[in-house]
Amino acid sequence: MFIAAIDQGTTSTRCILFDRAGQPVATAQQEHRQIYPKPGWVEHDPMEIWAKARAVFTEALARINARVADVAAVGITNQRETTIVWERATGRPIYNAIVWQDTRTAEICAELAKGGGQDRYRAKTGLPLATYFSGPKLKWLLDNVPGARARARDGELLFGTVDTWLIWNATGRHVTDVTNASRTMLMNLATLDWDDDILGDLDIPRAMLPRIASSSEIYGEMREGAPVAGDMGDQHAALFGQTCFAPGEAKNTYGTGCFMLMNTGETPIPSANGLLTTLGYKIGDAKPIYALEGSIAITGALVQWLRDNLGLIRQSDEVEALARSVEDNGGVYIVPAFSGLYAPYWRDDARGVIAGLTRYANKGHLARAALEATAYQVRDVLDAMNRDIQARAQSADGGTLPISGLQTLKVDGGMVRNELLMQFQADILGVPVIRPTVSETTALGAAYAAGLAVGYWRSVEDLRANWRADKQWQPSMDAATRDRLYRGWQKAVTRTFGWVE
């Protein structure tokens, strides 16, 4: 018997089958189209996403001649915040999915901020007002698709993030989990329920919202027979797959964007340094576990931009060799604020810059600057996280979080195969970076959640026993060089501010 994980990401959908040791035994993956109707707008076709999810599930089983009966449970993990509205009766979307990177809701967020600033809902939701989150996207759909709000009030339309869309198509159940709900800007962190005051402010009918469940329970049966029993947003799933079960443990996932999450235990910790307070996970009836998160919009997507828009490389994995063709960045910095800056800045008015150009600079320097941009952005987040941790530890109810901050960083995702990036990441952070043997920890976390729900694994201790380190990078850069390079990055970041009027 196996656990199947469907990992529906920003650019592709995968299905991975895992055994009891947490090892992948079969994988299938298919990309889907990226739709850009206007500058700053990013959409996906929900029907294509569902078709790809079905296809990779079938393909993964076929690779090892397995049947659906060999699948003990299915876990789903997904790109978060991406927003879909569809007809209850037909299952037909009323509009394309609006992707998390999309910035069309800037005016909606600015209008909401007039009634309490960017942190108007932070105390309840842990989130600032930003185009990133689902609530403003849903409001945009209801405002702009003719008749949508009236139909939603009448119960004809359903809302969901991608997990809800997949579960509804697979089982007919309209449900989400606490991690995905926590990214909508509509859920109250204390009650784990939709907040009626925020729904009223955005004029969103509660009737169209899914039931909020835990991250690990049986939501329903697939039409083919296997139970769908795990549901986590992709970054929460990676936290779980990296077995960061103790307060103070953290992981960083390198994908289209970059996302660092730290387990903060059973109490949500407000951030004073531009981070998000979010759900880590909730297993069945157990208490919810909260996390601090630093969300970075563009990391791997910058390498894709070098490939697709500039033509500097033919394949993404060529970027490392090109970056190694030079000794350093040549004074060049790329700040990829293509859709504004996320944590810890939260600047919708920022746009990307290439700074420090001279006649000396060549494509190798651009490639190196693109990789370093990922590491610098992670440093921004880690510094903010350490400040929040220290403030928490010094407070009266500091709990068990270490005052010293992060000691090691567990990493996963597609970019961790880039040895140059991982070494530079360790250097610019000044802490060891550890890659596990199973780097696809997002899918693994979803599998773990599903497996726990059906008894495939007995406890989180079984999962911790599965974790193995593959490689570790130790920092080797001297402090003076580290500080000099990071000052250059911080100067380049300021050049992105205020570009959009």
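In β2, isoleucine 3 has phenylalanine 18 as its bridge partner. The model is predicted, so local features need pLDDT of at least 70 and side-chain atom pairs count only at pLDDT 80 or more, while totals for chains, interfaces and linings use all residues. Residues are numbered from 1 along each chain as its sequence is written, and side-chain values use heavy atoms, with hydrogens and water left out.

Strand β1 (residues 2-8) pairs with β2 in the antiparallel sense, over six bridges. Strands (E, at least two residues) and helices (H or I, at least four) are DSSP runs, numbered from the N terminus. Two strands pair if DSSP finds at least two bridges between them. Three residues separate β1 from β2 in a hairpin. On to strand β3 (residues 24-31): β2 and β3 run antiparallel and are joined by seven bridges. Arginine 14 has glutamine 29 of β3 as its bridge partner. β2 and β3 also form a hairpin, with five residues between them. Glycine 22, in that turn, has a positive phi of about 75°.

Strand β2 (residues 12-18) is largely enclosed by the rest of the structure, because seven of its seven residues are buried. Buried means under 20% relative accessible area, exposed over 50%, and partly exposed in between (1.4 Å probe, protein chains only). In a regular strand the side chains alternate between the two faces of the sheet. Both faces of β2 are covered. Ser12, Arg14, Ile16 and Phe18 are buried on one side, and Thr13, Cys15 and Leu17 on the other.

The largest nonpolar core has 137 residues. Such a core is a set of buried Ala, Val, Leu, Ile, Met, Phe, Trp, Tyr and Cys residues joined through side-chain atoms within 4.5 Å. Tyr132, Leu138, Ile204, Met208 and Tyr254 have the most contacts inside it. Helix α12 (residues 363-394) gives the most to this core, with 14 residues. A second, separate core of 34 residues includes Ala26, Ala28, Ala66 and Val74.

In helix α16, the buried residues are Arg482, Leu485, Tyr486, Gly488, Trp489, Ala492 and Val493. They cover an arc of only 150° around the axis, which puts them on the same side of α16. The arc is that of the directions from the helix axis to the C-beta atoms. The face turned away from this buried side carries the exposed residues Ala480, Arg487 and Lys491.
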